[in-house]
Amino acid sequence: MFRRYRKITLFTKAFSTAVGVFFLYSTIFYLITSNPLLHFSFGYIVVFFAVIASLVLSSILIAELPSVYRIKFRKPSLKETGTPVYGFFTLFAIGLGTTIGSPLFILIPENIYEYFIVSIASLILAVIMSYLLAYLYDKMHIYSLEHDLNALGGPSFIRTAYGRQSLRYFISRFSMWIANTSLAAFSVIYFVEFTFNVISPLLSELGLPPLFRDASVAAAILFMIVWFIINAFYGKKYMKGIGVAQIVFLIIMVSIIFIDAIDLGFRHSWNLTGLLVLHAGAPELILINTGYLFILFFGFQEIQVMVRDSKDVSRIPVISAITKKSYPKKRYMPYSMYATIAGAGSIQVLYALAVFSIHAPYSAVETAVIPAIYIASVFQNNLWALAMAISFLLATVTTFVPAFMAASRHLRSLAEDGIFPQSFSTLSWVFTFVLILFMSLGGTGFLVNITDFMVLIALSIIALSAIALRDRHRFDHVAGISILTFIMFMVGAVSIYFNDKSVVILGIMAIVAAYLLYDILRLSLTGMEIFGFTLGIMSLLPLLIFRTEASPTVRIIGNIIIRSPYNLIYIQLSLLTMTAVLILNFVLRIRLQSKNINLT
């Protein structure tokens with residue numbers, strides 16, 4: 001009897017999970033590839049409620065699997081433990097490599113030709129915001145060390161200040177997961193474009209044979225895969241070697257960008273004519289554009305996560321040579337963040353001015369696969385284009401891998417803190433990898449905006465936590481800077497609305513839906529099933545009653561018919577299927593309980 005019921009239960013749970021995974025990612029596909037705010041109407045509300053219900057139901061079905069299965073997956077070594085080997089310069093290399101990534105090669109050339117001096121002002125404002133946040137990180141880290149709070153940076157500051165069950169902590173951690181996943185997806189898109197549409201034509205222009213071109217494409221792909229595997233699965237074993245490699249990558253990448261910028265500028269006599277032309281409403285544009293460009297800067301904060309892997313003392317170039325002494329961790333880590341921000345900001349502003357000085361046609365830059373490589377090939381020569389291609393490859397690798405690792409770490413933390421099911425801890429990298437693939441379908445514009453919005457929301461809450469983490473009854477300059485930084489980052493997040501309204505709405509809905517799921521998952525499995533099939537019925541009935549108003553044939557949800565199979569019948573079938581499966585699971589659970597059979 002026990003074996004028969006166990007087989008039935010295992011089958012139903014496996015089927016439930018398969019259904020849940022299928023509908024979860026088909027729903028995410030819909031959210032990413034459609035424009036739900038294009039035609040707002042009553043029918044849209046009905047359909048959108050059904051989509052949110054579909055997300056919740058599919059997640060409930062997935063969450064049921066670990067109750068009967070015990071499967072072990074090898075996961076990436078995401079915890080920051082081991083013998084400390086990183087010093088100031090290694091942290092600086094990691095921070096600068098993470099901050100100066102593939103977005104620089106695409107966004108800087110396009111943005112400087114579109115906004116002129118506004119673009120430069122936005123970069124400078126982003127640098128100021130980053131410095132303020134780094135200063136707060138510094139003060140919170142010192143306070144954490146002095147009071148043995150074990151806060152490693154980022155959302156962990158909020159967890160220490162407000163507790164694991166805090167809504168602020170959930171929003172910041174979840175937003176950072178989405179932001180890093182989006183950045184990784186952005187890197188994947190341009191890596192694919194670079195690999196298959198740039199390398200071979202560029203090498204052909206240099207007169208190299210097809211065999212060498214094909215081998216170079218294969219080598220680029222192999223380099224990405226091998227570097228990812230080493231970092232993800234053997235990061236602690238080869239920590240010192242990875243640090244040295246990061247320094248080498250940084251020197252090569254930054255040297256190429258810096259020298260290329262200098263060469264571009266002097267080739268065209270630093271002709272900045274027209275740079276000071278102001279658009280109408282320049283102050284508002286600066287705020288909006290700063291939010292858009294912040295994707296170029298937020299990587300510096302990953303330095304704070306390396307605290308466990310960092311040496312207790314380290315020498316700081318130049319400063320240590322003058323003072324003749326080394327500095328403790330709590331001193332040199334913030335210095336490495338400040339140096340990263342200064343280095344990244346200087347290089348980006350210099351490159352933006354150099355690109356502007358050549359006065360390239362905006363339409364040609366905008367349509368180029370990789371604008372920076374296009375500029376080097378047309379306004380310099382093919383050897384410079386090859387050099388920029390090498391720099392782009394290194395930038396992409398040093399962006400994708402840290403972004404993927406950070407995204408997996410944030411999702412794992414949500415599971416370990418009891419917010420998401422514990423099984424998400426082991427599978428965090430799997431969920432993150434699959435979500436990267438689906439988010440890649442949204443296009444680069446969507447990914448830039450969703451990355452900016454989610455990270456600005458998260459960092460604004462982190463900045464405000466400096467008050468709660470320290471003495472709540474004392475208002476000093478740190479508290480003032482905390483409030484100022486919160487306002488600046490929140491204004492930046494709101495400004496994304498003027499670039500892409502749907503991104504902001506979808507970002508907010510994702511946070512709300514995820515927190516609703518968090519509350520649901522705190523119920524027992526029986527409670528989840530009851531809530532799930534009740535929600536399914538409640539969302540299915542309006543679709544049936546108002547099927548005319550909700551019909552996609554009237555284009556309620558943009559071009560959904562063309563870009564997604566998620567039409568009205570599909571929505572109805574998905575809810576009907578998942579509701580039926582949840583009812584079946586509920587009945588089976590009641591049957592097992594009546595016979596006192598426990599399979600968990």
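**Exercise 1. Find the handedness with which α4 passes α14, then describe the crossing.**

Solution. Start with the handedness. Helix α4 passes α14 in a right-handed crossing (right-handed if the near helix is turned clockwise from the far one by less than a right angle, left-handed if anticlockwise). The model is predicted, local features need pLDDT of at least 70, side-chain atom pairs count only at pLDDT 80 or more, and totals for chains, interfaces and linings use all residues. Residues are numbered from 1 along each chain as its sequence is written, and side-chain values use heavy atoms, with hydrogens and water left out.

Next, name the partners. On the α4 side, the contact is made by L104, I108, P109, I112 and Y113. On the α14 side, Q348, Y351, A352, V355 and F356 take part. Contact means heavy atoms within 4.5 Å.

Now take the geometry. The axes of α4 (residues 102–115) and α14 (residues 329–357) come within 9 Å and cross at roughly 55°. Axes are lines fitted to C-alpha atoms, for helices over the stretch in contact, with angles from 0 to 180 degrees between N-to-C directions. So α4 is oblique to α14 (under 35 degrees is roughly parallel, over 145 roughly antiparallel, 65 to 115 roughly perpendicular, the rest oblique).

**Exercise 2. Describe the aromatic pairs F88–F92 and F186–Y190.**

Solution. First, the total: a search of the whole structure finds 21 aromatic pairs. Rings of Phe, Tyr and Trp (its six-membered ring) pair if their centres lie within 6.5 Å; planes under 30 degrees apart are stacked, over 60 edge-to-face, the rest tilted.

F88 and F92 are stacked, 6.4 Å centre to centre with 0° between the planes. They are about one helical turn apart, because they sit four residues apart in helix α3 (residues 88–99). Both F88 and F92 are buried (buried is under 20% relative accessible area, exposed over 50%, partly exposed in between; 1.4 Å probe, protein chains only). Ring pairs link F88, F89 and F92 into a cluster.

F186 and Y190 are tilted: 4.9 Å centre to centre, 50° between the planes. Both lie in helix α7 (residues 167–197), four residues apart, about one turn of the helix. F186 and Y190 are both buried.

**Exercise 3. State how many helices and strands the chain has, and what share of its residues is buried.**

Solution. Count the elements: 25 helices and two strands. Helices (H or I, at least four residues) and strands (E, at least two) are DSSP runs, numbered from the N terminus. Then take burial: of the 600 residues, 58% count as buried.
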